[in-house]
Amino acid sequence: MKLDRIEARNIPDTRGKPTVEVTLHADELSATASVPSGKSTGSHEAKELRDADGGVETAVANVTGEIAREIALRDFASADELDTFLIALDNTPDKSRLGANAILGVSIAAQRLFAQEAGVPLWKAIAERAKTAPGAPRLYVNVINGGVHADFRLPFQEYILVCEGKTSSALATARAAFEKLGAELGDVPMGDEGGYSPTFDTLEKPFELLAALVAEHSGTSIAIDAAANELRNGRGEYTLLGKDYTAAELTSIYGSIVERFPMHSIEDPFSEDATQDFARLTDALRGKCLVVGDDFTVTNPERIEAAREAGAITAVLIKPNQIGSVKEAIEAVQATHAAGWAAICSHRSGETDDTFISDFAYGVGAHGIKAGGLGQKQRLEKYERLLEIEKEAV
Ligand code: PEP
Ligand code: MG
């Protein structure tokens, strides 16, 4: 395939911050992709290129300038070949020269173009590329937002209702539970990811609320993203609700949460380099609750491999913009599966209308998808796309 026109622009994300959107043209085909942006980011992520004022003009100019010059009219046999070319063109370990946001925008739009050319749905093209068995992921619906996504009204960043089964029935369950919880909580603010953001003075309260929803709906359970990087207090400990905890104390808190509540998974229970703490918790919770790496593994196949050697986790969050290309995000899924672990594909807290992550999660047959709460259009669109895929896939 030869790309004959490469366009890029900045668009606002759900927080009103600019992000990169790319449109690629090849003959009569064209495809657009936009790139999400995180707030609780790990320091080992590929670098999102931001101007001094927070804009993405340099990243946009890198797409329309150097990247366009180098890829236009060159013949690429596959999306993989194009990604390999972009990675080599950037030539840094963290995509800091051209920007992970610039590269990923091109990479996703190209994946769409190659799917169009092959005449197959996007999820199917991804499954063929990744050599995975496609299938509906569990819905990880972030019903209560805390941490940096909600001005720390609650310590943990995400309190999630995990809904199993076909997307249509899982989403119906999530809708009923989300509405019920909303009625119970009354007039509370919404967090960044379209979930409720109440304030409670005990750690347990959100778990009690979610456990009541789980008791009402079969095929549901609870997950959290502790996002513990954001809980560090600079003294080697973690602060929750104004109280300091060592890693060992936090481990026993997680242990008692798992004993008391119907837990499915705990993400980023410790800070991004606390490998031994992750491994100890994973041992303690084996067979009871998944331990998920996010800031810990940053969708990086090398960090996933290191985590495997340390036996540190049992599941990996997959966010394409943490690594900056579809090719490497697929390699991260493959490394996760090779370790015998669950892959959970995820949006970012700053989102756009792009629903690539839904096709990606379905295509790689992910264990789950994190796409936020049901109180924001850009999160609902991800679930709606999964419903469409459910129909396409029959
Ligand atoms: C997360 O931490 O899992 C998340 C989705 O938030 P952010 O995009 O802010 O990293
Ligand atoms: Mg996370």
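What follows starts with the ligand and its surroundings.

This is a predicted model, where local features need pLDDT of at least 70, side-chain atom pairs count only at pLDDT 80 or more, and totals for chains, interfaces and linings use all residues. Residues are numbered from 1 along each chain as its sequence is written, ligands are numbered from 1 in the order in which they are written, and side-chain values use heavy atoms, with hydrogens and water left out.

So who surrounds ligand 1? There are 17 residues around ligand 1, with K39, H149, R348, S349 and K370 the closest (a residue counts if one of its heavy atoms lies within 4 Å). Sorted by class, that shell holds 9 charged, 7 polar and 1 nonpolar residues (Asp, Glu, Lys and Arg count as charged; Ala, Val, Leu, Ile, Met, Phe, Trp, Tyr, Cys and Pro as nonpolar; the others, Gly among them, as polar). Domain 1 (5-120) and domain 2 (130-392) both give residues to the shell, so ligand 1 lies between them; the bounds come from an automatic or database domain assignment.

Now look at the oxygen atoms of ligand 1. A polar side-chain atom of R348 lies 2.7 Å from one oxygen atom of ligand 1, and a side-chain N or O atom of K370 is 2.7 Å from an oxygen atom of ligand 1. S40 uses its backbone instead, with an N or O atom 2.9 Å from a ligand 1 oxygen atom. On its own, ligand 1 has 290 Å² of accessible area, and the protein covers 99% of that (Shrake-Rupley method, 1.4 Å probe).

Last stop: helix 9, residues 301-310 (helices are DSSP runs, H or I, of at least four residues, numbered from the N terminus). N300 caps its N-terminal end, with a side-chain oxygen 2.9 Å from the backbone nitrogen of E302. Just after helix 9, G311 takes a positive phi of about 55°.

Key:
Polar contact = N/O pair within 3.5 Å; in protein donor to acceptor, adjacent residues only side chain to side chain. Helix = DSSP H or I, 4+ residues; strand = E, 2+ residues; numbered from the N terminus.
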